[in-house]
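The sequence and structure come first.

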Amino acid sequence: MVKKILINGKIWTENPDMEWAEAIAIDEDKFVAVGSNDEVKIFVEAQDGEFEVVDLEGKTVLPGFIDAHTHPGIMARGLWVVFGPLTEDKDELFANIERLSKKYPKEERPYFCYARYMSSTFGSEGPHKEELDAIISDRPARIQDDTGHGCLYNSVALEMLKDENGVPQSLSPISDPHFVQDENGEYTGWCHQSMSVGDIGVFETIGWRPPTCFTDETAEPVFNTFRHFGITCIMDAVIESEENIQYIYNLDKKGELNLYYDGCSMLDRIENIEEAIERAKRYQKTYGTNHIRCNTVKFFMDGSTEFGDVLSTEPFYNDPEGKNYGEAHATMEQIRDVLVCLNEEKLDFHVHCVADGSFRVMCDAVEAAQKICGDDWSILVTLAHCEIIHPDDVHRIAELGMFVDFTPHWAGDPEEAPKQFFGEERWRNMMDYTGILEDGPLVGFSSDTVDPFGLTRISPFLGIQIGMTRVEPQMLNFDFSLYEDGCRPPASAKFTLKQLLNGYTMVNARRMRLDHIMGSIEVGKLANLVVLTDDIFECPEDKIVNIDAEFSYFEGKELRVPNPLNDLDFF
């Protein structure tokens with residue numbers, strides 16, 4: 001039986017009735033006392049049984065972090081990808097690719113996949129297959145950009161992907177891949193919204209394919225990275241396969257999961273809503289446990305601002321005729337009907353929604369669905385990303401009872417590709433949530449990691465630092481002094497530390513319907529917490545990324561997980 005008293009700590013509780021505490025008592029998996037050293041000691045003395053005393057020696061303690069939009073399956077199956085240093089210099093990029101293609105010859109990597117290049121490296125025209133052909137022509141090759149939404153194939157891979165009509169095909173769980181053609185109709189090798197797992201034509205031709213679901217070898221570094229950083233709950237934004245959730249179920253049955261897992265059933269196309277609902281309910285019935293849930297359907301309303309495959313409230317800046325607003329993947333009426341259907345089934349909705357046109361459609365659809373459902377409306381809707389929001393719509397998140405999920409490390413990326421579609425002024429006001437936060441704590445935070453390199457982005461401390469500074473510390477080749485405030489504009493959109501901590505804990509717990517058991521350090525809640533190596537409240541904001549988790553507790557169980565990144569050679 002676990003009975004512990006943690007004393008002499010600097011404990012940030014996230015409980016507005018008692019923000020700070022010195023001590024905590026834990027009985028089995030729950031907090032049973034929170035307060036000063038004396039208060040908790042008096043409580044413990046009145047209890048039956050011995051409590052083990054843990055002296056925190058003044059260390060800072062936070063509630064366990066919640067990463068409410070991430071992709072463990074995508075990271076795990078991407079561990080076969082070759083990773084190189086991130087650079088915006090094209091010559092340096094191709095030099096790195098050439099060097100690593102020689103390090104990993106055809107015998108070891110029959111399909112050479114490389115990550116990552118910055119999407120801004122090639123401008124609006126994008127990369128061209130001849131540039132990759134000059135380096136790798138003995139096998140199929142693919143290089144992935146830093147957004148996770150764009151890639152370049154060499155000619156060998158492109159030919160393997162073509163169907164009987166000469167049209168390249170690739171599958172993606174998020175949207176339909178688009179292969180770019182030049183003015184002569186020739187495929188350039190550049191593709192939007194493709195993922196390597198969907199390159200079936202390549203795998204069939206070479207007679208080889210990488211792992212497509214969790215194995216012990218691929219899952220362990222991914223889940224241990226979450227555990228290492230004190231992340232005690234995650235939302236998997238796309239359950240990629242039944243094999244994956246079955247693997248997680250088996251981990252939990254063995255007592256080895258050591259975190260909460262909330263998975264999303266993917267709605268790949270609006271007309272497949274019944275299939276997505278059936279999958280969610282089946283997964284919940286078959287694999288649901290005290291630690292595993294599938295209560296949410298996920299949909300991609302649009303693509304990415306870098307490629308302009310989104311819906312805008314204004315014509316795209318680069319359209320001289322002023323007629324191109326882009327497009328969304330569904331109409332207001334379609335989303336409205338999906339919401340009504342989900343409400344009947346008591347399933348929540350998590351929506352990838354990047355641009356202001358898509359944002360407005362989503363708000364209109366929620367408003368219309370709420371009118372239809374009336375007092376029976378009960379589901380939670382989260383709009384993920386929301387990089388551009390029209391000023392007229394800012395306050396609709398609160399009015400409609402929705403949440404926003406944002407990845408704060410995006411706010412430090414000086415990526416200027418969206419300017420071609422949205423112009424300078426709108427670009428300068430991207431990723432500004434101050435208006436929404438004026439209405440209350442409605443913005444949660446996440447890592448949205450989509451490849452193994454994303455393991456370095458899982459750290460909440462990196463997200464917190466960039467959220468506070470709007471400067472990417474890992475972008476060594478970029479001079480942020482080029483901007484007047486020394487950060488990615490607007491400087492006024494910087495988050496405060498307390499907003500970020502609240503978003504990584506209580507806001508995420510509320511929008512995942514878990515706030516009754518986690519998100520704060522309070523009596524009766526699960527004993528999930530993280531003990532920091534340094535005091536995040538005293539640390540200079542540009543040094544927060546250097547903070548680490550010394551150890552954590554999951555349901556009263558102490559976890560000391562070494563950083564898996566130290567054992568992966570591409571880091």
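The sections below describe the model by topic, starting with how it was treated.

## Basis

The model is predicted: local features need pLDDT of at least 70, side-chain atom pairs count only at pLDDT 80 or more, and totals for chains, interfaces and linings use all residues. Residues are numbered from 1 along each chain as its sequence is written, and side-chain values use heavy atoms, with hydrogens and water left out.

## Salt bridges

Side chains of opposite charge can pair when their charged atoms come close. With a salt bridge taken as a side-chain nitrogen of Lys or Arg within 4 Å of a carboxyl oxygen of Asp or Glu, a search of the whole structure gives 39 of them. One of these joins E550 to K59, with 4.0 Å between the closest N and O atoms. E550 belongs to strand β23 (residues 549-554) and K59 to the loop between β6 (52-55) and β7 (60-63), so this pair ties together parts that lie 491 residues apart in sequence. Helices (H or I, at least four residues) and strands (E, at least two) are DSSP runs, numbered from the N terminus. E550 is partly exposed, at 31% relative accessibility; buried means under 20% relative accessible area, exposed over 50%, and partly exposed in between (1.4 Å probe, protein chains only).

R426 and D356 form another salt bridge, at 2.6 Å from N to O. This pair links distant parts of the chain, 70 residues apart: R426 sits in helix α13 (residues 419-428) and D356 in helix α11 (residues 356-373). Both partners are buried, R426 with a relative accessible area of 14% and D356 with 2%. R560 and E558 also meet in a salt bridge, at 2.6 Å from N to O, and E558 is partly exposed at 30% relative accessibility. A network of salt bridges links R360, D364, E367, D393 and R396.

## Nonpolar cores

A nonpolar core is a set of buried Ala, Val, Leu, Ile, Met, Phe, Trp, Tyr and Cys residues joined through side-chain atoms within 4.5 Å. The largest one has 107 residues, and I335, L339, F349, L383, Y433 and I464 have the most contacts inside it. Helix α11 gives the most to this core, with 8 residues. A second, separate core has 18 residues, F112, Y117, I136 and L152 among them.

Contact means heavy atoms within 4.5 Å. Not counting residues up to four places away in sequence, I335 touches I270, F299, M301, A330, F349, M362 and A365.

## Helix packing

Axes are lines fitted to C-alpha atoms, for helices over the stretch in contact, and angles run from 0 to 180 degrees between N-to-C directions. Angles under 35 degrees count as roughly parallel, over 145 as roughly antiparallel, 65 to 115 as roughly perpendicular and the rest as oblique. A crossing is left-handed if the near helix is turned anticlockwise from the far one by less than a right angle, and right-handed if clockwise.

Helices α15 (residues 460-469) and α16 (residues 497-511) pack at about 140 degrees, their axes 9 Å apart, which makes α15 oblique to α16. Their crossing is right-handed. On the α15 side, P460, G463, I464, G467 and M468 meet L497, L500, L501 and Y504 of α16.

Helices α8 (residues 242-253) and α9 (residues 273-287) pack at about 25 degrees with axes 11 Å apart, and are therefore roughly parallel to each other. The crossing of α8 and α9 is right-handed. E242, I245, Q246 and Y249 in α8 meet R282, Y283, T286 and Y287 in α9.

## Selected buried residues

P63 lies in strand β7 and is buried at 2% relative accessibility. Leaving out residues up to four places away in sequence, P63 touches W12, T13, E14, T505, G519, S520, I521, N528, L529 and V530.

N528 lies in the loop between α16 and β22 (529-532) and is buried at 4% relative accessibility. Beyond residues up to four places away in sequence, N528 touches F31, P63, G64, T232, M518, Y553, F554 and E555.

L100, in helix α3 (residues 90-103), is buried at 5% relative accessibility. Apart from neighbours within four places in sequence, L100 is in contact with V82, F83, G84, F112 and Y114. L100 and Y114 are 14 residues apart in sequence and 8.7 Å apart in space, C-alpha to C-alpha.
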